[in-house]
Amino acid sequence: MATTAPHAGFDRDTFHLVEQDSHDHGSAHASPILLGFWIYLMSDALLFAALFATYGVLSTSFAGGPAPRDIFELELVALNTAILLVSSITYGFAMLAMDKGRQTAVQGWLALTALLGMSFVSIELYEFGVLIGEGATPQRSGFLSAFFTLVGTHGLHVTVGIVWIGIMLVQVGRHGLNAINRRRLTCLSMFWHFLDVIWIGVFSFVYLMGMVR
């Protein structure tokens, strides 16, 4: 019986692999995982919205304790804000380097972003330590309870982001800028920039408005 010759230029053994490879390269920016991560960020935004609302209600409940003007060091907080905003820029450079396939540059920008993040958390811990040393503890008043909860929750998120950056430095070093790592770096970028936006809200609503009142 005569057999039909395969179509010219069609390789049955490699077609599936080529199709799969093409799908993997496109999946870094178009993936159900990214959609799921957007949903997570929206749920996290609801968490912070609840914390902002709680602080708004309790921000004048001093219970005879210190008010924002008495304890906030606006210059130090402004410096910390600048550090976090610069870290967002450095992460943006990491993403640009990723798009160009420059692995070493990606690792360098990620490491710098992590150092800036650690500086931010260190200054925040210093601020907390000074406040507690002066007796402005979370249990002192409703204002301080809401303050420590809101700012501390953001700081915890930044700490998680720093750990995530460390993990990605290891993953990129081992496996390069493959499709999976590109997708993970994209999710981490969304997370890190989200934290910057939240902190701008904290700086404006908690610190600036607290000093103006």
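Select helix H2 (residues 32-58) and look at how its buried residues pack against H6 and H7. Buried means under 20% relative accessible area, exposed over 50%, and partly exposed in between, with a 1.4 Å probe and protein chains only. The buried residues of H2 are Leu34, Phe37, Leu41, Asp44, Phe48, Leu51, Phe52 and Tyr55. An α-helix has 3.6 residues a turn, so residues three or four places apart point the same way.

What you have open is a predicted model, in which local features need pLDDT of at least 70 and side-chain atom pairs count only at pLDDT 80 or more, while totals for chains, interfaces and linings use all residues. Residues are numbered from 1 along each chain as its sequence is written, and side-chain values use heavy atoms, with hydrogens and water left out.

**Whole chain**

Zoom out and show the cartoon. The protein chain has 7 helices and 0 strands. Helices (H or I, at least four residues) and strands (E, at least two) are DSSP runs, numbered from the N terminus. Of the 213 residues, 41% count as buried. Contact means heavy atoms within 4.5 Å. Among contacts between residues at least 6 apart in sequence, 82% join residues at least 24 apart.

**Two ring pairs on H2**

Select Phe37 and Trp164. Their rings form an edge-to-face aromatic pair, 5.7 Å centre to centre with 65° between the planes. Rings of Phe, Tyr and Trp (its six-membered ring) pair if their centres lie within 6.5 Å; planes under 30 degrees apart count as stacked, over 60 as edge-to-face and the rest as tilted. Phe37 is in H2 and Trp164 in helix H6 (residues 142-175), 127 residues apart. Phe37 has a relative accessible area of 13%, so Phe37 is buried.

Next, select Phe48 and Phe194. The ring centres are 6.2 Å apart and the planes stand at 65°, so this pair is edge-to-face. Phe48 lies in H2 and Phe194 in helix H7 (residues 179-212), so the pair ties together parts 146 residues apart in sequence. Both Phe48 and Phe194 are buried.

How many aromatic pairs does a search of the whole structure find? The search finds 19. Ring pairs also link a cluster that includes Phe52, Tyr55, Phe147, Phe148, Trp199 and Tyr207.

**The core**

Now select Phe147, Leu150, Leu185, Trp199, Val202, Val206 and Tyr207, the residues with the most contacts inside the largest nonpolar core, which has 55 residues. A nonpolar core is a set of buried Ala, Val, Leu, Ile, Met, Phe, Trp, Tyr and Cys residues joined through side-chain atoms within 4.5 Å. Which element gives the most to this core? H7 does, with 14 residues.

Centre the view on Leu185. Leaving aside its neighbours within four places in sequence, Leu185 is in contact with Tyr91, Met95, Met98, Val106, Leu110, Met168, Val172 and Leu177.

Select helix H4 (residues 74-99), whose 26 residues reach 38 Å from the first C-alpha to the last, close to the 38 Å expected at 1.5 Å a residue. The expected span is 1.5 Å times one less than the number of residues. Just after H4, Gly101 takes a positive phi of about 75°.

Last, select Thr137, in the loop between H5 and H6. Is Thr137 buried or exposed? Thr137 counts as buried because its relative accessibility is 17%. Apart from neighbours within four places in sequence, Thr137 is in contact with Ile132, Leu144 and Phe148.
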